[in-house]
Amino acid sequence: MDADSIIAAIFSFENYGELLVLVQNSIWAGAVLGLLGGLVGTFVMKRDLAFAVHGISELSFAGAAFALLIGADIVFGSLIGSVAAAFLLGVMGVRARDKNSIIGVIMPFGLGLGILFLSLYQGRAANKFGLLTGQIVSVDTVQLQVLAGAAVVVIAALVLIWRPLNFASVDPELAEARGVPVRTLAIVFMLLLGVSVALSIQVVGALLVLALLITPAAAALRVTSSPVALVVLSVIFAVTATVGGILLALGGRIPISPYVTTLSFLIYVVCRAIGGTRAKKGINGRLVHAR
Amino acid sequence: MKPVVSLRGASLQFGKRTLWEGLDLDIRPGEFFAVLGPNGSGKTSFLKVLLGLQDLQSGTATLGDRPVERGSSLIGYIPQQKSFAPDTPMRARDLVGLGVDGHRWGMRLGMSRVNRRIDELLELVGATDYAKVPVGQLSGGEQQRLRVAQALATDPKVLLCDEPLLSLDLHHQQAVSALINTQCHEQNSAVVFVTHEINPVIDYVDRVLYLAGGRFMVGTPEEVMTTEVLSELYGSHVEVIHANGRIVVVGLPDATTHHHADVHATAGEVA
């Protein structure tokens with residue numbers, strides 16, 4: 001394969017208009033997941049759960065692979081896997097150190113199970129690959145409705161617990177003194193995270209969930225400390241990555257996830273550079289009075 | 001004036017170890033009440049009881065007219081200074097905002113009302129200049145000023161302070177304790193001030209609860225901070241020296257740092 005054909009595989013915009021109509025559902029799905037990932041991601045960062053997201057996604061992968069093997073619904077399978085993992089982490093991993101070691105134990109186990117189920121599976125290889133790398137192009141209207149419905153439920157729950165969850169995430173000791181149910185909120189958030197991971201896996205696959213749930217929020221964190229700006233930027237970054245990734249992927253022959261992860265990564269690099277420059281100049285919002 | 005904090009026959013034990021028992025106490029509005037004692041004597045547990053985070057083994061604790069409860073709006077709480085990670089996504093004003101409405105469900109509506117309240121509180125503690133600086137980039141003293149603002153957000157009747165001056169330099173110790181004193185003697189809040197070092201607040205303190213070795217003593221600093229009383233509490237001779245309006249306690253038992261394992265074996269020992 002020469003360079004031209006590689007580029008043609010990655011970027012090709014023939015018949016773009018017609019394709020666009022065909023993948024409307026996918027674009028909407030990408031937008032919904034971007035919104036969800038951007039919102040949930042801010043709390044993932046505040047609660048230092050990046051590693052947990054990875055652990056949950058591996059178990060979600062195992063659930064999806066098992067569903068594929070027995071011919072059940074894949075989304076349902078991945079949902080079971082990730083919610084089980086999230087619940088386990090929420091209940092068992094109270095302290096950060098504890099949590100990380102539990103994740104380290106769960107992750108390879110989940111991945112191993114997933115590989116076992118996939119190797120037993122006799123169907124199309126594309127289905128297998130899709131679990132790991134995402135396959136949003138095939139979203140039909142019903143799937144989109146399910147996806148949007150689930151996202152709405154998660155976002156509604158998140159809005160309902162927004163302030164106390166934020167309090168418990170950034171200042172747990174004070175939150176407890178003020179009567180915020182810190183422990184319960186931790187478990188509730190893990191469940192919401194579990195559902196979000198399962199939904200995101202549909203787009204970017206189990207291996208790349210971090211690009212949707214971590215990178216946008218981490219990028220936003222580099223350029224702002226304002227809670228409102230953090231949420232807005234995180235959502236914008238995530239939606240840009242998913243929708244932009246899908247639009248770019250339309251032209252090429254390769255899966256969607258490289259586009260999404262690359263966009264996501266580029267946004268992070270730019271934000272990091274901006275944040276670094278500001279730090280060097282000592283700009284942090286402090287008012288300095290002339291003497 | 002009616003007491004705002006009352007304890008009757010209050011006892012607290014961890015396993016076999018009695019921290020204190022038979023404690024009767026009334027704290028009135030506008031009173032600056034210091035809780036002193038060595039590490040492990042139950043000072044912080046005393047605060048946790050008032051916060052509703054720790055149950056008594058026996059006796060009662062009431063706040064206002066009601067039994068203590070978690071999340072009471074009568075209480076403001078100032079914790080020990082503990083640094084935030086530099087990239088904590090929270091600015092000074094957001095930390096204060098947590099005190100205003102952080103415990104409520106839903107998202108924040110009525111932004112302008114909350115923002116006005118936050119501005120007032122920042123002004124009160126002199127933190128306006130760094131309102132928009134991320135908390136992780138502030139000094140310990142600046143963070144403690146914000147903690148005072150955060151605790152005052154609900155106009156508390158009782159201000160509970162857990163070693164709020166720890167790890168602050170002298171200048172900030174004075175600034176923070178003066179803020180707490182203002183709330184106490186001008187705004188008429190009761191202040192319960194847990195500390196192992198009375199001198200930074202010696203000018204403000206009305207009464208002292210001294211906990212040591214499973215025993216306690218309540219009274220004015222003049223009554224409690226004497227060689228006789230503290231020797232009795234510690235069960236060994238300690239010398240209290242008054243010099244230039246400061247109080248120095250000499251000869252505290254070394255056990256404060258050593259024999260943690262067998263604290264309940266010896267009556268007079270201090271954990």
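Me: Where is Asp155(B) found?
Reply: Asp155(B) sits in the loop between α4 (140-152) and β7 (158-162) of chain B, where helices (H or I, at least four residues) and strands (E, at least two) are DSSP runs numbered from the N terminus. This is a predicted model, in which local features need pLDDT of at least 70 and side-chain atom pairs count only at pLDDT 80 or more, while totals for chains, interfaces and linings use all residues. Residues are numbered from 1 along each chain as its sequence is written, and chains are lettered from A and ligands numbered from 1 in the order in which they are written.

Me: And is Asp155(B) buried or exposed?
Reply: Asp155(B) is exposed, because 11 other C-beta atoms lie within 10 Å; the cut-offs are 20 or more for buried, 12 or fewer for exposed and partly exposed in between, counting other C-beta atoms within 10 Å, with C-beta atoms placed from the backbone. As background, most residues other than glycine have a negative phi.

Me: What about the phi of Asn188(B)?
Reply: Asn188(B), which is not a glycine, has a positive phi of about 70°, and it lies in the loop between α5 and β8 (190-194) of chain B. Asn188(B) counts as partly exposed because 14 other C-beta atoms are within 10 Å.

Me: Switching to domains, how is chain B divided?
Reply: Chain B is divided into domain 1 (1-74 + 156-225) and domain 2 (86-154), with bounds that come from an automatic or database domain assignment. The C-alpha centres of domain 1 and domain 2 of chain B are 25 Å apart. Their contact takes 14 residues from domain 1 of chain B and 11 residues from domain 2 of chain B, two residues being in contact if their C-beta atoms, placed from the backbone, lie within 7 Å.

Me: Which helix gives the most to the domain 1 side?
Reply: Helix α5 (residues 170-185) of chain B does, giving 6 residues to the side of domain 1 that touches domain 2. By class, that side of domain 1 of chain B has 8 nonpolar, 5 polar and 1 charged residues, where Ala, Val, Leu, Ile, Met, Phe, Trp, Tyr, Cys and Pro count as nonpolar, Asp, Glu, Lys and Arg as charged, and the others, Gly among them, as polar.

Me: What does Ser177(B) touch?
Reply: Ser177(B), which lies in helix α5 of chain B, touches Leu165(B), Pro200(B), Val201(B) and Tyr204(B), not counting residues up to four places away in sequence. Ser177(B) counts as buried because it has 25 C-beta neighbours inside 10 Å. The C-alpha atoms of Ser177(B) and Tyr204(B) are separated by 8.7 Å, the two residues being 27 residues apart along the chain.

Me: How many residues are in contact between chain B and chain A?
Reply: There are 27 residues of chain B in contact with 29 residues of chain A. Helix α2 (residues 92-101) of chain B gives the most to the chain B side, with 3 residues, and that side divides into 12 nonpolar, 6 polar and 9 charged residues.

Me: What ipTM does the predictor give the complex?
Reply: The predictor gives the complex an ipTM of 0.88 and a pTM of 0.89. For chain B, the mean pLDDT (the predictor's confidence in each residue, from 0 to 100) is 89, and 93% of its residues reach 70 or more. Over residues 255-271 of chain B, however, the pLDDT is below 50, and this stretch has 25 contacts in the model beyond near neighbours in sequence. Where pLDDT is low, the predicted coordinates should not be read in detail.

Me: Now chain A, how many helices and strands?
Reply: Chain A has 15 helices and 0 strands, and 51% of its 291 residues count as buried.
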